[in-house]
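Student: I have a structure open here and would like to go through it. Can you take my questions as they come?

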Amino acid sequence: MILSTKSRMVALLAVLSLAGFWGCASRTVSRIDPGTQVDLSGDWNDTDAKLVSEEMINDCLKAPWLLRYSKKTGKSPTVIAGSIINKSMEHIATDVFLMDIERAMINSGSVEVVASNVERGEVRNEKADQQVNASPETLKKMGMEQGADYMLIGQINQINDAEEGKQLKYYQTDLTLVNIETNVKTWVGQKKIKKYIGQGKFQP
Amino acid sequence: MNPYRVGRSRDYVGARHASPLQPKIQNSKLPLKHLAVIGLAFLFLEGCATFSQNMVPVRDSLIAGDIPKAVADFKKISAGKDDLLHMLQQGYLSQLSGDWLDSNNAFDAAEKRYEELYTVSISNEVFSLLTSDNSRPYRSNEQEMALIPYYRIFNYLQLGKADDAMVEARKANDKHKVDLTQTEKMGERDIRFKAFLNYYTGLLFASRGENNDAIVSLRTAFKLYRLGNTKFSLPVPRWLPADYYDAAIQVGLKDEVRRLSDPYPEIAAMASKNHHNNVILFLESGFVPYREGIDIFLPILKTDDDKEAAKTYYKKYGGDIYAYQARPPKLDQFLRISYPKLTMFPSAVASMKVVLPNGESLSTERGLNLGIETDLQFKQDSGDILLRTFIRTLAKQGTLKSAQDSSKGLGDLMNIFNVATEQADTRSWLLLPERIDLVKASVPAGTASLTVKFLDADGNVVEEKQVPVNPQAHGLQWITVRCFK
């Protein structure tokens, strides 16, 4: 059957109209390697957290403060994780890379890490409960906690620039290890991440 | 429904408050088969309630003060291509229900979806030119999206996450940047909204001791309110100069402090008094103006405009033009053109008062007039809407002519399709308040609740609410109260 030009046009428009109804694609879910870099929105994501923790871990554990402390005291320093203030424009789960740093410190064997402010509240509740309910042989004493030598604190700052579908994001993470007794800053780590996000105005 | 109607379409969402215009074309004698075109078109339309129409029961439940029913009504509405609009309404309803977390999740999803929709789908655009703007996904607008931080900041404060509230504040200020050297170029809507936003974020920063951020926001708010006051009588909030003065002192900007105190000698005393303000109330009332569809139905008659036809008619009727006009007209097609117009949603509330435990009554101040904001946004969008309506009409005429040339049946079908699909885009965030008023108060420690009175133009109480408070000696407690009447 040979269609006239006008009939073809009508048929084409009908097909286009139907295409409009088929706009919704079905959702697919697949497992991927946690190390895979996937950027969707351009916001802070797991890759950024990983980049920060890797940089900080390398820098912190190789810095001279660790050796100096060990030489001076003959033991490993004890660190407590403080807070990382999010001064950025995005909601960032700072615990993600803080936990990475804690894990690396503990696994390195050269630093001891004590429970954080929030964690020790729960531990103390348990210890208080033991004073009443635990048997004398298994009872853990109050007031025997190990005091930290250093506190890890920090902040994340962000600068954005945007223009018509183009966006530049700059994140700077600063971590500082502070001697709790003297307030001396023993180590300062810094990681900068810069991203360019382009978004096209049209798609088929 | 009269097919020759010029008036509000079925998207009319404020039926309780106005009467539609219904001028009629008289003496049209059209064949029944052509009337069937219109009949079929409307039968086709019957099953296609728009998102705005579906939201009417939700809004009515809110007016009746039944938030759980409004939520239940809302759950019956499927999002479809209007998912962004669905998220905005969901976020707002969750906040009204006190589910701060769900509200923030919905607003977060809305912001992400808004960014995705920056990329325009060409197939959707083509499809919308053959049907109506309603077939495009709802993209929202600057004015609606700008209100997300206002609600999210409040949600985070209720969740006890002040740091996250400040993230939202920084995000909002970054998204709605103000160049203080270019304020003369700013439009009215921009000045009104950014003045309010900066005051809101400035208060948050100041209450959290973030003085560097606070001074920037409060300075911007002060300058924009003053500019708005000069240009269109935008009132400057009573405590803003004092807040700004205080922030300048905290940061140590002596020149700025002097520039403020020279024209306002009483500002130091005001700032001192302002330190005792420990509660800020944002009182929301009414509903924003809504978009309703205007339909124009035009029967297009066949014209015999070629010379041969004219000669034939002249031979047959001579100079008796009346004899020619008396002939029954032949219908070529029905043309339906739909476009939205903005309609105010009347509110009974004219003013508000907050009564303290000692009987002192505080009047509120205008924070943000969303009625005006919506009107200005609509005017901004109108050019685009009219252009799209014009192009769509041309495109539909093109498809109709092609179909008519192919066969008469196909032409009739295309006419039915064109009339049925032509609908004004009336989608908007209907649940927003018409205005947000604010008042700062010094509430004695131990006070359990405050009385908020929403008053009509004669000072009669429209609604009275007891609002629980927990005032602290330091810091600012943030409260929002909504009146739907």
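Student: Start with strand 4 of chain A. Which residue there is the bridge partner of L152(A)?
Tutor: The partner of L152(A) in strand 4 of chain A is L177(A). Bear in mind that this is a predicted model.

Student: How many bridges join strand 3 of chain A to strand 4 of chain A, and do they run parallel or antiparallel?
Tutor: Strand 3 (residues 150-163) and strand 4 (residues 166-179) of chain A run antiparallel and are joined by 14 bridges. Their hairpin has 2 residues between the strands, and E164(A) takes a positive phi near 30° there.

Student: What about strand 1 of chain A and strand 3 of chain A, parallel or antiparallel?
Tutor: Those two run parallel, with 7 bridges between them. As a landmark, I80(A) stands opposite M151(A) in strand 3 of chain A.

Student: Now the interface. How many residues of chain A are in contact with chain B?
Tutor: On the chain A side there are 24, in contact with 30 residues of chain B. The two chains bury about 2500 Å² between them, and 58% of that is on carbon and sulfur atoms.

Student: How many salt bridges does the rule find across the interface of chain A and chain B?
Tutor: The rule finds 1. Its side chains belong to K87(A) and E210(B), at 3.7 Å from N to O. In general, side chains of opposite charge can pair when their charged atoms come close.

Student: Which elements give two or more residues to the side of chain A that touches chain B?
Tutor: They are helix 1 (5-21), strand 1 (78-87) and strand 6 (202-203) of chain A. Helix 1 of chain A gives the most, with 9 residues. By class, this side of chain A has 8 nonpolar, 11 polar and 5 charged residues.

Student: What does strand 6 of chain A pair with in chain B?
Tutor: Strand 6 of chain A pairs with strand 2 (residues 120-121) of chain B, in the parallel sense, over 2 bridges. There, F202(A) stands opposite V120(B).

Student: Back to confidence. Which element of chain A has the lowest mean pLDDT?
Tutor: Helix 1 of chain A, at 53, while strand 2 (residues 112-114) of chain A has the highest, at 96. Over residues 19-24 of chain A the pLDDT is below 50, and that stretch has 3 contacts in the model beyond near neighbours in sequence. For chain A overall, the mean is 87, and 87% of its residues reach 70 or more.

Student: And what is the mean pLDDT of chain B?
Tutor: It is 86, with 86% of the residues of chain B at 70 or more. Residues 1-30 of chain B stay under 50, and the model has 77 contacts for them beyond four places in sequence.

Student: Last topic. How many salt bridges does the structure hold over all chains?
Tutor: The count is 45. One salt bridge is between D83(B) and R113(B), with the closest N and O atoms 2.8 Å apart.

Student: Which parts does the pair of D83(B) and R113(B) tie together?
Tutor: D83(B) lies in helix 4 (residues 83-96) of chain B and R113(B) in helix 5 (residues 100-116) of chain B, so the pair ties together parts that are 30 residues apart in sequence.

Key. Residues numbered from 1 in each chain as written. Chains lettered and ligands numbered in written order. Predicted model: local features only at pLDDT ≥ 70, side-chain atom pairs only at ≥ 80, totals over all residues. Heavy atoms only, no water. Contact = heavy atoms within 4.5 Å. Buried area = accessible area lost by both parts, 1.4 Å probe. Salt bridge = Lys/Arg side-chain N within 4 Å of Asp/Glu carboxyl O. Helix = DSSP H or I, 4+ residues; strand = E, 2+ residues; numbered from the N terminus. Nonpolar A, V, L, I, M, F, W, Y, C, P; charged D, E, K, R; others polar. Pairing = 2+ DSSP bridges. pLDDT = per-residue confidence, 0-100.
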